[in-house]
Protein chains: 4
Amino acid sequence: MKRVGIVTSGGDAPGMNAVIRAVVRMALPIGLKVIGFQNGYSGLITDQKCPLGLRSVSGIINFGGTILGSRRCEEFKTDKGLKRAQKTLEKNKISGLIVIGGEGSFAGALDLTRLSSINVYGVPCSIDNDVYGTDETVGFDTAVNTALFAIDRIRDTATSHNRVFIIEVMGRKRGFLALSVGLAAGAEKILVPEIKTDLKEVYELLEESRMKGKKSNIIVAAEGVGDMRRIAKKIEKNTGYEVRLSVLGYIQRGGAPTARSRILAGLFGAKVVNLVENERENEVVGILDGKLTSTNLEVVCKNRKPLDLNLLHLAEKLAT
Amino acid sequence: MKRVGIVTSGGDAPGMNAVIRAVVRMALPIGLKVIGFQNGYSGLITDQKCPLGLRSVSGIINFGGTILGSRRCEEFKTDKGLKRAQKTLEKNKISGLIVIGGEGSFAGALDLTRLSSINVYGVPCSIDNDVYGTDETVGFDTAVNTALFAIDRIRDTATSHNRVFIIEVMGRKRGFLALSVGLAAGAEKILVPEIKTDLKEVYELLEESRMKGKKSNIIVAAEGVGDMRRIAKKIEKNTGYEVRLSVLGYIQRGGAPTARSRILAGLFGAKVVNLVENERENEVVGILDGKLTSTNLEVVCKNRKPLDLNLLHLAEKLAT
Amino acid sequence: MKRVGIVTSGGDAPGMNAVIRAVVRMALPIGLKVIGFQNGYSGLITDQKCPLGLRSVSGIINFGGTILGSRRCEEFKTDKGLKRAQKTLEKNKISGLIVIGGEGSFAGALDLTRLSSINVYGVPCSIDNDVYGTDETVGFDTAVNTALFAIDRIRDTATSHNRVFIIEVMGRKRGFLALSVGLAAGAEKILVPEIKTDLKEVYELLEESRMKGKKSNIIVAAEGVGDMRRIAKKIEKNTGYEVRLSVLGYIQRGGAPTARSRILAGLFGAKVVNLVENERENEVVGILDGKLTSTNLEVVCKNRKPLDLNLLHLAEKLAT
Amino acid sequence: MKRVGIVTSGGDAPGMNAVIRAVVRMALPIGLKVIGFQNGYSGLITDQKCPLGLRSVSGIINFGGTILGSRRCEEFKTDKGLKRAQKTLEKNKISGLIVIGGEGSFAGALDLTRLSSINVYGVPCSIDNDVYGTDETVGFDTAVNTALFAIDRIRDTATSHNRVFIIEVMGRKRGFLALSVGLAAGAEKILVPEIKTDLKEVYELLEESRMKGKKSNIIVAAEGVGDMRRIAKKIEKNTGYEVRLSVLGYIQRGGAPTARSRILAGLFGAKVVNLVENERENEVVGILDGKLTSTNLEVVCKNRKPLDLNLLHLAEKLAT
């Protein structure tokens, strides 16, 4: 019986458990045995594992986090660590390894393929949506909605006090989360790392919006833009409006996944088991223009996914 | 200055207000004046209206329902009603009418085009997702998540009492809502009007699932399937398990739209204003394979959107 | 080492798990061993049980339902059943039994005390809030908020369509849930079993409210009032307004408990362990006028908790 | 006709609108005219106002923030400002002023009574719950639940990564919010300004809890405790566990009020109108041991509400 390993790596994202469930439920009926490695890549190194049966994944589709655990693992970035992982995989007779995670996890997976002949399959699961080869990652839609829920609450205070609120969302070095959140929240301005922030333009925009009758403003900013405390103070000083900063932080990672994150988890799980079954070589699953697809792991790691700047302009037009 | 009318019709859907906002915010800067007709097609007949300015649509992006109101209108299905509507449009010098609604509303719009030379533009807004020419309607994602939220709560009781729970969701005569909800909820069985319900198969499935160790079961059923009380009783009688029915009802229509419903509202609003600007003839906007598009109104009305039965099978496999 | 049994019985309520956690965490440090009986009173009869340690109750404070399971148990209403339960308790050397549940569960507990010398302690956990001796039951606040969340969504549709919406909430034969929900929702009318429904008064109230400028109406009705479908039809027929009925059903039982339900669970859990420690005879814990207290089990079972009709009148005044 | 003024002051709290609604709905039928002053005390100074009728407060019971607006007002802390406010009240023939707010707002109200013969009535509305003379303020229950919702999400990540999470909640200089949130969240440790933080004790507690098998930890800290970044770093350094800080911030102020906040708003609104009607002198409404009451304004301002340290110990016992 063929044995496939599965590991969740890097920052957790809502829907990781739904992916694990989908992989197990699709793999077992076609004769694949699924071994879960625990605590991210460190479990690969230290051979922490558990077999996953049909009932092991019962009732987890709606849980945030990951039942396998995740951990940062510096050792996996060294040759020594990679070799230990390779040995674990050999010892357990793993013929394919499914990695559930984001950009950083796939970089680690690519390193592993250089040392080992094992096939590695990626399932993009990340609140940052910064994985090349897929329009959307599992967990992204949930994080967008969590941030939106928070902003809808902050808007009450903004309106009551005629304030400018800056909401800092996650997204690491990219602006995908900020863009979707800002568009959905009706933010007057969205600051993303992909575009150099022009504070003068922000001052003018705020003044203009108040002249048009707006009584409060929401600015959504990606964490990758820079020191938002400093920027908030500058805006307050230069415009004279009351400015408040809210850093949403870790609440964006957790919670029951949305329908979309769960459905994507199901589709990706089925697709990746199909890749394993066909012994495809080092691929990452994805969805592009509504179609399930897969892309070579190295291509995914070496390319930068573009941010749709048209959406950014649309968001700002809609918030006039 | 060109004048465009806007009306929300039929059952309300979360995101209708976000569409109104998007239309107004995109139309005004290009010199279109926007007139809102109130209470659905009945406002067209009786000339109930209000002009919509930039600030009329402030702070509504996150509100369920519709600020323009909606109403059933039997008179609009008669020639007399249609002629009165046509006169209202002429009197107000409306050169294009934007109809925000679902299948039924577009059928009414098509009738209107037969009597009047006015161009009618459709924006699919419906929790049923049963509009041809678009993969998704505004409001659908919200309704799916609301139903999912409800099922996550019911699951607590199902598990605690080892029960079979049947959850009836909306969807009129189609199974789109039931399919997405069931897939996301991890339902063991999804009953849709597109497939004849085979109760024997349901009995067997339930028995099998209990033998595999499942302690409770969730069945998601579309309202279009038939009398669910009767079906629930039959299942209870034939399997011996405790069966409970929960009809989710109107909660599925309301609430703050999800990020996805709001973003789609923005995209559709921008697209429909573009159609008006280019004086395109009777089109309905949509999104197909991730791309914004538009389809002739008559084509939309005359065609039946297919339900993806592969997804149905995937859902049931994942719930084993 | 003294051994105490614990059982959850009857309909589940949010916070049952938080009570189990509190009991275990308070009992163990003072040298009590806790045995959980499973699936309600049927587990007492059939001796289904598990010991509960500190870690058995980790991470359950925010879960709806009950990890011990619950079940209806007709046998427990017979002498034969009670005797079997008594034997189980003797066999397991249980010196006190903690029953987590509502009115029906306490009636069963009282029956048990007649046959057995064991002390039984009640912890009121019920979405109905119909237990004498406490102003509030664990789970009640959660159910009120869940119903409120649903009504806030339905209100969107009510307002958009100028409808009268009747929302049927749970509460068995009492109106506690309906009263709190109606007051919090701003319902124009609250129908409770404690007051005979006068439909003429409802017709007049609705007409009056429309004359005062109200465009839609919310009526909250307890399930114990009677056949609400029939009442809805009567109201529609007699007033001419569009009337819709929404039966909230089982969603009211589930979900993560609110802060208040969890805090009450903690207080009740600590209090009941204190009763056990002091070998008090057959008491039910409660909170009266903000103070933790306990009442004799028989007194609890034999008395009917009054509904505060002043609150009902206040609610209707506030909704004018 | 007697005229009563109403103003919302200080930081906004969920339920302020529900109080405004209750005051208007109770006052009008007994012949009181209600004038709303806008933007907090600054509206009193500059005579910004609007009359409030029955329909002015329709559909606001479930809205966060305040329809009257709120603002910080430094001028109101000066004699000049107070005199201007007094003149506004005289000019508008206001015989009683209802102040909806927290501790700071009541201090301002007390100042006003020293210059003016007008009677001032306080309605405690604050997420901090730091008002003497009432066990609970309107908005507190909502803020507790919002923070709890956030922590339930963060717990997913904490558990997946075996982390210590410190959650900083609001509460100004007091620990009421932190205590209730911590108790409801099952936090291992609750840091409040009322008790000097002993970090050694925290280190030991964390170590002990990990030895007992806990895999992650939640610490809830009040903002008044001190620089939480520094504390987080210290804990990480001294225990070796991964520590993360999440500052919940402004999301705690907003959102639809919970049932309890809305019901309290109704009760307080009715009570304060009763005080106005009876021309009681400078009182603040409250709820003590489940009973509606009122306390002299000066007494409220001069006394410090005690924090229930027994609850703190209970919380920590329950989290072992």
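1. C:Ile100 lies in strand E4 of chain C, which covers residues 94-101. The model under review is predicted. C:Ile100 is classed as buried because 33 C-beta neighbours fall inside 10 Å, against a threshold of 20 or more. Residues up to four places away in sequence aside, C:Ile100 touches C:Val7, C:Thr8, C:Met16, C:Val19, C:Val123 and C:Cys125. The C-alpha atom of C:Ile100 is also 9.3 Å from that of C:Gly40, a residue 60 positions away along the chain.

2. A:Asn39 is not a glycine, yet has a positive phi of about 60°. A:Asn39 sits in the loop that runs between strand E2 (32-37) and helix H2 (41-46) of chain A. With 23 other C-beta atoms within 10 Å, A:Asn39 is buried.

3. The second case is B:Asp47, whose phi is positive and near 60°. B:Asp47 belongs to the loop between helix H2 (41-46) and strand E3 (49-51) of chain B. Is B:Asp47 buried or partly exposed? B:Asp47 counts as partly exposed, because 15 other C-beta atoms lie within 10 Å, a number between the limits of 12 or fewer for exposed and 20 or more for buried.

4. Chain A is assigned two domains: domain 1 comprises 2-139 + 257-302, and domain 2 comprises 142-253. Taken over C-alpha atoms, the centres of domain 1 and domain 2 of chain A are 34 Å apart. Contact between these domains of chain A involves 13 residues of domain 1 and eleven residues of domain 2. On the domain 1 side of that contact in chain A there are four nonpolar, six polar and three charged residues.

5. Chain A and chain C are joined by no contact, and their closest C-alpha atoms lie 11 Å apart. Chain B and chain D likewise do not touch, with 11 Å between their nearest C-alpha atoms.

Key:
Residues are numbered from 1 along each chain as its sequence is written. Chains are lettered from A and ligands numbered from 1 in the order in which they are written. This is a predicted model: local features need pLDDT of at least 70, side-chain atom pairs count only at pLDDT 80 or more; totals for chains, interfaces and linings use all residues. Helices (H or I, at least four residues) and strands (E, at least two) are DSSP runs, numbered from the N terminus. Two residues are in contact if their C-beta atoms, placed from the backbone, lie within 7 Å. Domain bounds come from an automatic or database domain assignment. Ala, Val, Leu, Ile, Met, Phe, Trp, Tyr, Cys and Pro count as nonpolar, Asp, Glu, Lys and Arg as charged, and the others, Gly among them, as polar.
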